[in-house]
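Me: Please take a close look at a single part of this structure. I would like one connected explanation, with each term given its cut-offs when it comes up.

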Amino acid sequence: MATAVEVRDLKAYFGKTEALHGINISIEATHATAVIGPSGCGKSTFIRCLNRMHETNPEARAQGEVKIGGADIYSMPAVDVRRKVGMVFQKPNPFPSMSIYDNVAAGLKLNGTRNRHTLDEAVERSLQQAAIWDEVKDVLKKKSGASLSGGQQQRLCIARALAVNPEVLLMDEPASALDPISTAKIEDLIFELKQKLTIVIVTHNMQQASRVAEFTGFFLMGHLVEFDRTEKIFTNPSDKRTEDYITGRFG
Amino acid sequence: MTRIRFHQELDELKHRILAMAGMAEQAVDLAVQAYSQRDLNLCERVLANESGINRAEREVDEFAIDLLAMQQPMAIDLRFILAVIKINADLERVGDQAVNIAQRVMHMVGMPAFELPVDIPAMASRVRAMVRDALRSFIEGDTELAKHVLEADDEIDRINHEAFAALSACMQAKPDCAVQALDALSIARNLERVADHATNIAEDVIFWVRGADVRHGAGQTIAGT
C-alpha cells in the first residue's frame, strides 16, 4: 500500500500551549482513516494541520513534517496545499448567496479556470461523485446552495471540495449534524470516494468510524495513543487507554 | 466511569449466565449421582429440570442480543457478550448431556446390575472439576485457570478411550453384560462431551479476556494480529 500522508514529529501550538505533542503517522492512500478521541484531544487540530488550516488562527503554529504525496506541505504555498487537500466541516457551509453551480465552481474559478465547458464538466463530475447530481441537476443555476436540505448541503460541500481534484479529503465530523438517512448517504459516499482518493475523517461516532474506515487512530491529550487497523482497534485494542475510551470506561 | 447503565447490564448478563451454569452443573451432578445410586427419582429430576435450562438459554440469548443491538459494545465488552452467547450454548448442551446420562441410567436400572470395568464416578469427578474450573475462570477472568482446563481435556479423552477399550473387551468376553456395557459406554461418551463443553467455555474466557482465539490449537489473536 502507498502512503498518501506522512506525518513526522508534528507539534501544534495555540500561543504557548502545545496541543499536539509530536505526532507520527503514515496514512494509506485510497483508504479511509478515522481519527477518534474525546473532546479537546487534538483530533481536529491534527487534521487542520494536514491542510495548513491550523495556522489561519493568528495565535497558532505547527512544527514538524507533513508530506502529501511525498511533498512537504510546509514548504509550498498554502493555496497549493488546499488544492491537494480538500476539507469538509461539521456544519455544511455552502456560500449562501451563490447558486449550486457557482458553489461547486468557486474553487476552480479561484484557481483561474474560466473556460465554460471545463467548468460545466467539473461541476457535473463533482456533483456526481458527491452523489447529489440527480437531485440538483435541474436547478443548478436557479437555486442557491442554502436552499438545500442539511444532508444535501453537506454533499454539495463535498462536491465543492472534489471540484479541484484533491488527493486527500479531510472530513471533520461530516455527519454529526445530519439525520440517519443523510448520514448513511455520506457514509456510502465515503466508500465510493476512497476508491480514488484518501480520506481522513474525524468522528465522535465510533460506529461510524468502524463502518467507514480501514484504519483508526485514537488521540488523547494531544498524543496519538494507538493507530491500527479499525477492526483491531474496536475488537482488541493494544492500549488500555484506547479500550477504556471505546468501552465508555474513560474518565 | 461512563455508560454506567450499560456496565450494570453487563453485570446482570454475567449474573444470569452464572445462574444458568449452576443449573447445568447441578444437572450433571444429579445424573452422575443417579448412576451411582441407580436412582430413578434423581433421573426424573434431571429430565424435569431440562426445560428450566432451555428457558434460561433463551433468556440469556435475548438479553445478550438486546445489549448488542442497543448498546453497540466495543472491544472487551463486545468480546464478553460474544463469549457469553457461546458459553450459553455450551451450558445448554451440558444440560442435554445430563439428560442423556439420566436416560441411560433409567435404562440400566431396569436390568440386572453388573460389575463393569469402568469407574464412571471417578471420570465424572474429573469432568465436574473441569466444568467448575471453567466457570471459575469465567467468574474471575482467569486465563491461567482457563488454560489448565484446556490441558485437562486430554486426560478426559484418554479416560474415555480406555473406557471404550475396556467395555468393548467386556462385551466380547461376557455378552450378557453387553447392553449395560453399551449404556456405560454412552455415559462415558456423554461425560467426555461435557468436558469438551468445559473446554469450549475456557476458550471463550481466553477470547474474552485476551482477545486471543485459541480454538483448535490456534494461538493467534483476533483481528489479524
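Reply: Strand β3 of chain A and strand β9 (residues 215–220) of chain A pair in the parallel sense, over 4 bridges. Strands here are DSSP runs of E with at least two residues, helices are runs of H or I with at least four, and both are numbered from the N terminus. Two strands pair if DSSP finds at least two bridges between them. This is a predicted model, in which local features need pLDDT of at least 70 and side-chain atom pairs count only at pLDDT 80 or more, while totals for chains, interfaces and linings use all residues. Residues are numbered from 1 along each chain as its sequence is written, and chains are lettered from A and ligands numbered from 1 in the order in which they are written.

On the β9(A) side, A:Ala34 has A:Thr216 as its bridge partner. β3(A) also pairs with β8(A), in the parallel sense and over 4 bridges. There the bridge partner of A:Ala34 is A:Ile201. Strands of a sheet pair through backbone hydrogen bonds, either parallel or antiparallel.

β3(A) belongs to an open sheet of 6 strands in chain A, with the order β6-β7-β8-β3-β9-β10 and mixed pairing. Its edges are β6 (85–88) and β10 (223–229) of chain A; each has a single partner strand, so one side of each is left without a neighbour in the sheet. From one strand to the next, the twist averages 20°. Angles run from 0 to 180 degrees between N-to-C directions, and axes are lines fitted to C-alpha atoms, for helices over the stretch in contact.

β7 (residues 168–172) and β8 (residues 198–202) of chain A run parallel and are joined by 5 bridges. Here A:Asp172 stands opposite A:Val202. Helix α6 (residues 150–162) of chain A packs on the sheet, touching β6 and β7 of chain A, and its direction makes about 170° with that of β6(A). Contact means that the C-beta atoms of two residues, placed from the backbone, lie within 7 Å.

Chain A also has an open sheet of 4 strands, in the order β2-β1-β4-β5, with antiparallel pairing. β2 (17–28) and β5 (71–72) of chain A are its edges, each with a single partner strand, so one side of each has no neighbour in the sheet. β1 (residues 3–14) of chain A runs antiparallel to β2(A), with 9 bridges joining them. Among the residues involved, A:Val5 in β1(A) has A:Ile27 in β2(A) as its bridge partner. Chain B, by contrast, has 6 helices and 0 strands.
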